Amino acid sequence: MSRKSSPQAVATLKQISYRIASTPVERLPQIIPNLAGLLWNCRDLLGSTSAFTKQGSDDGMLIHRLNVQLTTLLQDRTVQGRWSAVVLTKAIIEAGGLETLSKSNGWVKNLLGILKKPDPPTTRCLTVITLTRIFTLTWDHSNLIREITTPALPTFISTCLSNVERKTCSSSEIQTVLEAFAVLVPRHPATFRTFEGQIRSLCKRILSNDEHIARSMYYSEGHRAAARLLLVALHCCAPKHGAFEKWDETFKTTTTAAHATCDRVFRAVIEDWKSTSGIQPSISSQDLVVGECQSVDEDAAGLSRWSGIFAGGQRLITLVDLVSSHVTSSTAGPGPVRLGMMLDLITRICGVIVPTAGRQDFTKPNQQIAKDERDALYTLLPGVHVAVLRLMIVVLERFGTAITSVIPGLLDQSLWVFRAEKGDDSIRAAIYALHADILTLIGQTLDKDQVIELTQVVMSCCSDLLPEDEPTSAVMNGTFNGIGINKHSSNGSARSAHTKSTAVYHELEHAAARLLPVLLAKLNARHMPRKLRAQLDRTAILIKNKEGLIASVLNPPVNAAATGLQSSLLPFLAKLFPSCPEVEAILRPRMPVLLTGRKGSEEEEEEEEEEEEEEEDDDDLEVEDADEVEDEVLEIEKAGSEIAAKAQASAEPDLLSALDEHLDSTSGQDQSEDLYDATPPASTVNASAFGSATVTAPPIGASKRTTPHSGALDHEPEQSSKRQRMTLDPEPVSAAPSITSVQEQPAVLGAGLAAAAAEALSDDGSDFEMPPLTMEMDTDSEDEGDEEDEDVFPL
């Protein structure tokens with residue numbers, strides 16, 4: 001798809017072309033890195049299609065001029081010009097994409113020509129990298145593979161092999177060629193099949209590092225690692241789908257060669273090991289103790305012979321690493337892996353350990369071998385065990401939970417090695433890395449005894465992470481000679497400053513920091529001793545390990561004595577990492593409520609809907625009852641106002657008797673008993689409404705008595721009780737009714753007011769009748785009155 005170029009990209013490309021043309025060739029290497037970086041900003045213009053560039057003639061001419069300049073530099077006679085052309089070619093092809101890649105066939109031929117010239121090793125290294133990049137970019141396009149890769153790849157392989165054999169070949173060029181071949185072999189096995197013998201011989205020579213061959217080249221660990229990957233990848237060159245069979249064959253021969261090397265290297269001790277995979281001794285016990293520790297001929301893996309205990313130890317490490325490369329590398333097809341053969345080799349090597357002072361730890365010396373060779377073996381064992389621990393790590397990473405049944409055995413063997421050789425930094429780093437992977441898989445399934453066995457590893461991990469305590473003679477209360485210091489920020493430790501700068505210590509510190517949160521998160525807190533857990537928490541706080549603090553908070557320690565949880569490290573975590581999102585999630589979780597459980601049936605849903613409807617109906621009824629009560633209160637207040645006006649206008653002295661007669665006439669019922677057997681105490685009503693007249697109050701318990709007319713109010717007993725307890729505000733009536741309880745206002749409602757209320761209620765045409773009031777002396781106690789008043793609530 002064509003992309004529209006921006007004016008800035010056009011200007012940048014013009015600048016690049018101008019600087020290439022105006023700068024002398026001898027000075028081009030000084031500006032090429034800058035120009036290569038600017039080309040990426042022109043990727044839209046370089047990747048535009050031919051049709052698009054034809055529409056804009058200026059852009060097309062600009063790209064064409066840059067391509068011509070690049071072709072000219074590739075054919076330049078000077079070393080500086082060819083070096084600059086190689087760098088620009090890689091930058092333009094990566095920026096231009098498919099459009100530029102499809103036109104790079106001429107550049108590939110020129111690059112192959114540069115590879116054959118006696119240029120400096122840096123130029124040849126860059127040329128190998130550029131050609132490998134071009135070949136990999138063509139993998140997604142079959143037409144480009146036919147046009148570019150297939151014709152150029154044989155020339156590329158043969159030229160690289162010939163350059164490697166030269167004495168002028170540098171160390172970086174050898175490693176670059178090996179890595180390029182390891183990338184290209186799986187995708188082009190048929191092309192590499194012709195050169196398989198030469199490549200295999202090169203790899204074996206690098207891995208053998210044969211000292212008997214007079215050669216000035218020294219192969220580093222990077223060379224051996226690249227050679228191992230390439231040697232394993234050569235199984236893809238097997239014809240007729242025999243790739244995995246070839247891989248299995250090389251895996252078996254490598255393991256057999258490792259056992260044969262162990263037979264000679266471990267001859268200074270008596271091994272307590274028996275093979276479980278059918279491995280037979282490579283030499284008899286009588287011939288084993290004769291002569292020097294050496295191999296007679298090439299081993300099963302095809303590596304050259306070695307001589308001496310130190311060379312044998314290095315060969316054993318190489319073979320174990322080669323087994324690890326077989327596990328990590330991808331295969332051309334699926335197939336079974338001889339896991340038992342690997343575990344047999346691991347068990348044998350871990351069974352021979354360095355004896356501690358005063359005890360041999362079941363490592364019995366062979367008295368037929370000289371003590372010097374045995375001491376040399378003990379010196380080599382930590383390096384061999386590191387290689388085996390790396391093999392364990394590779395196996396766990398590759399197979400994971402598929403080999404859960406054998407992981408406890410690997411854990412026991414690693415602990416056996418750690419107890420004997422924990423003084424070596426490389427051993428501790430490898431143990432920490434291995435245990436982090438093991439505990440991640442099976443840490444929660446370990447019982448109490450297995451957790452206690454990890455005590456030495458845990459304490460060593462904390463010791464490697466914690467800083468050294470300052471001397472008490474120099475440090476008093478956080479000061480040193482009057483100058484304040486910060487203990488937590490000090491870099492003091494048991495190791496010197498130059499030791500800390502080494503790569504081994506950085507690897508050790510990284511592995512220990514990775515193991516610490518795994519110990520806190522994966523081990524069962526109930527099985528861990530309190531002192532051990534306290535040490536882990538202390539270490540996480542002092543080194544400010546965020547993952548460790550979070551793991552401690554999420555898996556808090558258990559106090560076995562109190563059967564409860566101890567104090568958490570959450571305050572330390574919140575103080576040290578206040579802006580951390582994990583801390584925010586722990587302190588203030590915002591997870592929505594999740595509905596769990598089985599989904600209810602349709603009948604349950606219908607019942608819930610019916611209950612909701614009933615509740616809504618009850619609410620409507622309560623609202624209607626409240627409206628009716630409010631209307632009745634307004635009518636009662638209106639009747640009370642009329643009576644008060646009449647009482648003020650009339651001059652009758654006995655207002656009480658007139659109100660009683662009016663009550664008798666409105667009720668129309670005969671009283672079956674004497675309701676006025678006691679005279680209640682008089683109460684003075686507000687003079688503004690009643691002048692100096694006095695009215696008697698009904699007793700508090702009157703609402704609870706039954707009369708012939710009380711049946712009409714059975715359907716709402718609470719409302720009738722509330723009406724008998726209401727009092728009228730003596731002040732002028734406002735728009736909203738003023739209702740108070742007996743506790744709030746001691747003034748009571750008189751019989752005349754009750755009669756007027758009854759008359760007002762009877763005028764509305766309803767069947768409601770006001771029951772007669774009982775005028776009795778209030779002889780109840782105040783406590784009972786308070787209990788009755790508690791039932792009164794405002795409407």
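Predicted model: local features only at pLDDT ≥ 70, side-chain atom pairs only at ≥ 80, totals over all residues.
Local features were taken where pLDDT is at least 70 and side-chain atom pairs only at pLDDT 80 or more, while totals for chains, interfaces and linings use all residues. Residues are numbered from 1 along each chain as its sequence is written, and side-chain values use heavy atoms, with hydrogens and water left out.

The secondary structure of the protein comprises 35 helices and eight strands; these are DSSP runs numbered from the N terminus, with helices being H or I of at least four residues and strands being E of at least two. Of the 795 residues, 43% are buried, where buried means under 20% relative accessible area, exposed over 50% and partly exposed in between, for a 1.4 Å probe and protein chains only. Among contacts with a separation of 6 or more, 73% join residues 24 or more positions apart; a contact means heavy atoms within 4.5 Å.

Two packed helices are described by the angle between their axes and the distance between the axes. Axes here are lines fitted to C-alpha atoms, for helices over the stretch in contact, and angles run from 0 to 180 degrees between N-to-C directions. Angles under 35 degrees count as roughly parallel, over 145 as roughly antiparallel, 65 to 115 as roughly perpendicular and the rest as oblique.

The axes of helix α15 (residues 243-265) and helix α17 (residues 309-328) come within 9 Å and cross at roughly 155 degrees. That angle makes α15 roughly antiparallel to α17. The crossing of α15 past α17 is left-handed, a term used if the near helix is turned anticlockwise from the far one by less than a right angle, with right-handed used if clockwise. On the α15 side, the residues in contact include Trp247, Thr250, Phe251, Thr254 and Val265, and they meet α17 residues including Ile309, Arg315, Leu319, Val323 and His326. By class, the contact of α15 with α17 holds 11 nonpolar, seven polar and one charged residues; Ala, Val, Leu, Ile, Met, Phe, Trp, Tyr, Cys and Pro count as nonpolar, Asp, Glu, Lys and Arg as charged, and the others, Gly among them, as polar. Thr250 lies in helix α15 and, at 16% relative accessibility, counts as buried. Apart from neighbours within four places in sequence, Thr250 is in contact with Arg200 and His326.

Helix α17 also packs with helix α19 (residues 371-399), their axes coming within 9 Å and crossing at roughly 0 degrees. The two helices α17 and α19 are therefore roughly parallel to each other. Their contact contains 16 nonpolar, four polar and four charged residues.

Helix α14 (residues 221-233) has 13 residues and reaches 18 Å from its first C-alpha to its last, close to the 18 Å expected at 1.5 Å a residue; the expected span is 1.5 Å times one less than the number of residues. Among the buried residues of α14 are His223, Arg224, Arg228, Leu230 and Leu231. The buried residues of α14 pack against α11 (171-184), α13 (196-208), α15 and α17.

Helix α23 (residues 455-465) and helix α25 (residues 503-522) pack at about 125 degrees, with their axes 9 Å apart. The helices α23 and α25 are therefore oblique to each other, and α23 passes α25 in a left-handed crossing. Val457, Val458, Cys461, Asp464 and Leu465 of α23 make this contact with α25 residues that include Tyr505, Glu509, Leu516 and Leu519. The residues of the contact divide into 11 nonpolar, no polar and two charged.

Thr539, in helix α26 (residues 530-542), counts as buried at 0% relative accessibility. Not counting residues up to four places away in sequence, Thr539 touches Cys462, Leu465, Leu466 and Leu516. Lys544 is placed in the loop between α26 and α27 (546-554). Most residues other than glycine have a negative phi. Lys544, although not a glycine, has a positive phi of about 60 degrees.

Helix α6 (residues 79-96) has 18 residues and spans 26 Å from first C-alpha to last, close to the 26 Å expected. Its buried residues include Gly81, Arg82, Ser84 and Ile92. Just after α6, Gly97 takes a positive phi of about 75 degrees. Pro24, in the loop between α1 (7-22) and α2 (28-39), counts as partly exposed at 41% relative accessibility. Pro24 and Gly81 are 57 residues apart in sequence and 9.4 Å apart in space, C-alpha to C-alpha.
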